[in-house]
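Trainee: Could we go through the sheet in this structure strand by strand?

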Amino acid sequence: MPILAQSRLTARILVWVVVAGVLMFSVVTAVTVLQERESMYQAAREDAHRNVSRSMAAVSAALWSYDTAALNATLTGLIQSGSIIQAEVRELNRQVTKIQRADLQTKPEAQWEVPIMRPNDAEQIGTLRISESYREVRNQLARKFAADLLSELIKIAGLAALLFIIIYRSVTRHLQTLARDVSNLKPGSVPTPITLQRKVRHDELDTLVDSINRFRRERADVENALLRDIAERKRVEATLYKTEGDLSEVAEASRHKSQFVANMSHELRTPLNAILGYIELILDNLYGETPDKMRKVLDRVQQNGRHLLGLINDVLDLSKIEAGKLSLTLADFSLEHVVHNVFVAVEPLANEKKLALDMHVPPGLPVVHGDEQRITQVLLNLLGNAIKFTDTGAITVTVATEAASDALTIAVHDTGRGISAGDQRAIFEEFRQVDSSVTKEKGGTGLGLTIARRLVEMHGGKLWVESKLGEGATFFVTLPFNAKMAAGS
């Protein structure tokens, strides 16, 4: 078909419609056949019992009078139809007569006995043994299943054709147009809006087109802003080099600025590229993948967006700390309450990696005077890193009181791969992360531990790490209780 040759997505939709129809038919048919099979078996058994009940009076009279001819005639009538294939009359331990079908080819599938009473029901004079076979029931079920199978396959073929036509006219051909227009886009080109010729408006396709057009405009604005920033930076640098003064200090400041800009550019570019890649994946596979796979792609877009937001918040916090403008909301609070809330927050992340969380907080801890929200931020960072860099085992948080220094010590221990001696100092510097070849994990913004240490120091405490490669890591936090804040808070 020309349509299928032009669009792999169209062919994929057709295949999935047929596969889904066949799977659904298979499940429904299997359940129906099982139900009908059990129903037919039950009906056959009930019919056999009814026939035996109606014949018991004649069997009793014939056996009591030793009328073998009448007894054989009655048993012959029992095996003529239904599931009964053999009937045997026994008098105590002696067989009186046995009648079975002449065309008997299968072994009995069920046997049961009925006591034969005297005509006046005074005593038992014998036993009627009945043997049943459900071969005819299965044959009848097979014939019905064949007819149902042909009927359902015709329905599936018609439904698949109808759904294919509807999906192609309402979705696939517009996606082909959208894919062609997007593939023709070039970097630096004027962002011409993408439009679809459609009668129905205001649905997901329009939302997607609007999002692409908005993204292209915003990207063009960002590129122009970056060009202006680059031009401005060049102008400022030229002015600085022309200005008399301490050239060494200017060079040092320029180096730090370049390093910061390079780190920031890398941190911003990584999630932005990921978001662009997932958007292209959405454009290629929308309506062509299952909702679960599409949800996973959108979740990753959301995670990268949150990563960008976290990076911006970390940069703002660090800039406020460096400028001495970060204010703390001071109050007495329970450290035990803070640790419990942090455990509740990170527990889903630990469950995803099947890591155990253990908390050892003694009762009756003294209250801490400080900013409860900022201390929570510190503990969330430490436990989040511990979960991120631990593959198996447990993460333990222990709180203890140091009576000699009037301080509380919080120890966050993980069973990960550990941190080398060279990295233990670097992880607290701006944009420095543990070597990914050791941790096998991607780091965060590179500012989390820097900010955490500054916040702890503003509370008059300390933050450090002790670790060996292959033996996990332990981060220690000391906080004075009922102590004054450090300078600059």
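Mentor: First the terms: two strands pair if DSSP finds at least two bridges between them, and strands are DSSP runs of E with at least two residues, numbered from the N terminus. This is a predicted model, in which local features need pLDDT of at least 70, side-chain atom pairs count only at pLDDT 80 or more, and totals for chains, interfaces and linings use all residues. Residues are numbered from 1 along each chain as its sequence is written, and side-chain values use heavy atoms, with hydrogens and water left out.

Trainee: Which residue in β9 does Thr 401 stand opposite?

Mentor: β8 and β9 pair in the antiparallel sense, over seven bridges. Within β9, the residue opposite Thr 401 is Leu 408.

Trainee: Which residue in β11 stands opposite Leu 408?

Mentor: β9 and β11 run antiparallel and are joined by eight bridges. The residue of β11 that stands opposite Leu 408 is Leu 479.

Trainee: Which strands stand at the edges of the sheet?

Mentor: The open sheet has five strands in the order β6-β8-β9-β11-β10, with mixed pairing. Two of these strands have a single partner each, so one side of each is left without a neighbour in the sheet, and they are β6 (356-360) and β10 (462-467).

Trainee: How many of the eight residues of β9 are buried?

Mentor: Buried means under 20% relative accessible area, with exposed over 50% and partly exposed in between, for a 1.4 Å probe and protein chains only. β9 is largely enclosed by the rest of the structure, because the number of its eight residues that are buried is seven.

Technical notes: Helix = DSSP H or I, 4+ residues; strand = E, 2+ residues; numbered from the N terminus.
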